[in-house]
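Good morning, colleagues. Please turn to the sequence and the model on the screen, and I shall then take you through the main points.

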Amino acid sequence: MSFELPDLPYAYDSLAPYMSAETLEFHHDKHHNAYVVNGNKLLEESGLKGKSLEEVIVGSYNGGAVGGLFNNAAQHWNHVEFWNWMKPNGGGAIPGDLEKKLIEDFGSVDAFKDAFVQAGVTQFGSGWCWLVLGTDGKLQVTKTANGINPIATGEGTALLGCDVWEHSYYIDYRNARPDYVQAFVNDLVNWERVAELFEAAS
Ligand code: FE2
């Protein structure tokens, strides 16, 4: 296996005004591409070349003592998923079973959204906030630093993740990370994709 940069699943200008074409050009064409190119170089030297992306992530996590291969492999996975966690005219109604489960585990959809935004805002420095179906069968909101993700930590299945590295919002929101995470969860999320992952993991 080698890492490959997928095309965005929508037009660069189709997430505006919540995420601009300029942000997507830099984020996908430069940042994600760099994870692919650097990851492939490091993969060559690693002895993990025959493994799946998930196996490379787990195999290079090394109890959190992460190096270059982990950072690039995990960020490749995170970004492939991230593009699919958004869609033009996103947000809106949440498919029934998933909505029911969110209410069951968080009290309300708004309480989930508040927890998700809070996790994104309080992740100090670069990282991600997540909606995870935990190994105990409960939904939970978590946050991780840099490229670390739920595959690496083994805390459950990632159903949704929001990139809170500055490269994902600085062009459109400058330093206002709360506004960006709020726009993500209210106006960008592809809930059909999240529901698909929920059904598969349930
Ligand atoms: Fe990113």
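Let me begin with a term: a donor is an N, O or S atom within 2.8 Å of the metal. In this structure, which is a predicted model, the donor residues of the iron ion follow the spacing H-x51-H-x83-D-x3-H along the sequence. The residues concerned are His27, His79 and His167, each through NE2, and Asp163 through OD, at 1.9 to 2.1 Å from the iron ion. What is the geometry of this site? The four donor atoms make angles of 91 to 143 degrees, and the site is irregular. For reference, the ideal angle for four tetrahedral donors is 109.5 degrees.

His27 belongs to helix 1, residues 21-44, whereas His167 sits in the loop between strand 3 (156-163) and helix 7 (170-173); the two are 140 residues apart, so that the pair links distant parts of the chain. Are these two histidines buried or exposed? His27 has 0% relative accessibility and is therefore buried. His167 is buried as well, because its relative accessible area of 14% falls under the 20% limit.

I turn now to the protein as a whole. It contains nine helices and three strands, arranged along the sequence as α-α-α-α-α-β-β-α-β-α-α-α. Its radius of gyration is 16 Å, close to the 17 Å given by the globule rule for 202 residues, so the protein is as compact as a globular protein of that length. The C-alpha trace spans about 50 × 40 × 30 Å along the principal axes. Of the 202 residues, 45% count as buried. Among contacts with a separation of 6 or more, 68% are between residues 24 or more positions apart. The accessible surface amounts to about 9,100 Å², and carbon and sulfur atoms account for 48% of it.

Next, the segment before helix 1. Pro17 is placed there, and a cis peptide bond with omega of about 5 degrees joins Ala16 to Pro17. With 17% relative accessibility, Ser20 counts as buried. Leaving aside residues up to four places away in sequence, Ser20 touches Tyr12, Ile171 and Asp172.

The loop between helix 3 (68-84) and helix 4 (96-106) holds Pro88. Its relative accessible area is 30%, so Pro88 is partly exposed. Which residues does Pro88 touch, not counting those up to four places away in sequence? They are Tyr10, Ser14 and Leu15. The C-alpha atom of Pro88 is separated by 22 Å from that of Phe112, which is 24 residues away along the chain.

Asn89 is exposed, because its relative accessibility of 77% is over 50%. It is not a glycine, yet Asn89 has a positive phi of about 55 degrees. Asn146 likewise has a positive phi of about 55 degrees without being a glycine. Asn146 is found in the loop between strand 2 (139-145) and helix 6 (150-153), and it counts as partly exposed at 41% relative accessibility. As background, most residues other than glycine have a negative phi, and most peptide bonds are trans.

Thank you for your attention.

Methods
Residues numbered from 1 in each chain as written. Predicted model: local features only at pLDDT ≥ 70, side-chain atom pairs only at ≥ 80, totals over all residues. Heavy atoms only, no water. Helix = DSSP H or I, 4+ residues; strand = E, 2+ residues; numbered from the N terminus. Buried < 20%, exposed > 50% of the residue type's maximum accessible area, 1.4 Å probe, protein only. Contact = heavy atoms within 4.5 Å. Donors = N, O, S within 2.8 Å, 3.2 Å for Na, K, Ca; no water. Tetrahedral: all angles 85-135°; square planar, octahedral: opposite > 155°, others 65-115°. Rg over C-alpha atoms; globule rule 2.2 N^0.38 Å. Areas by Shrake-Rupley, 256 points an atom, 1.4 Å probe, with all protein chains shown as cover.
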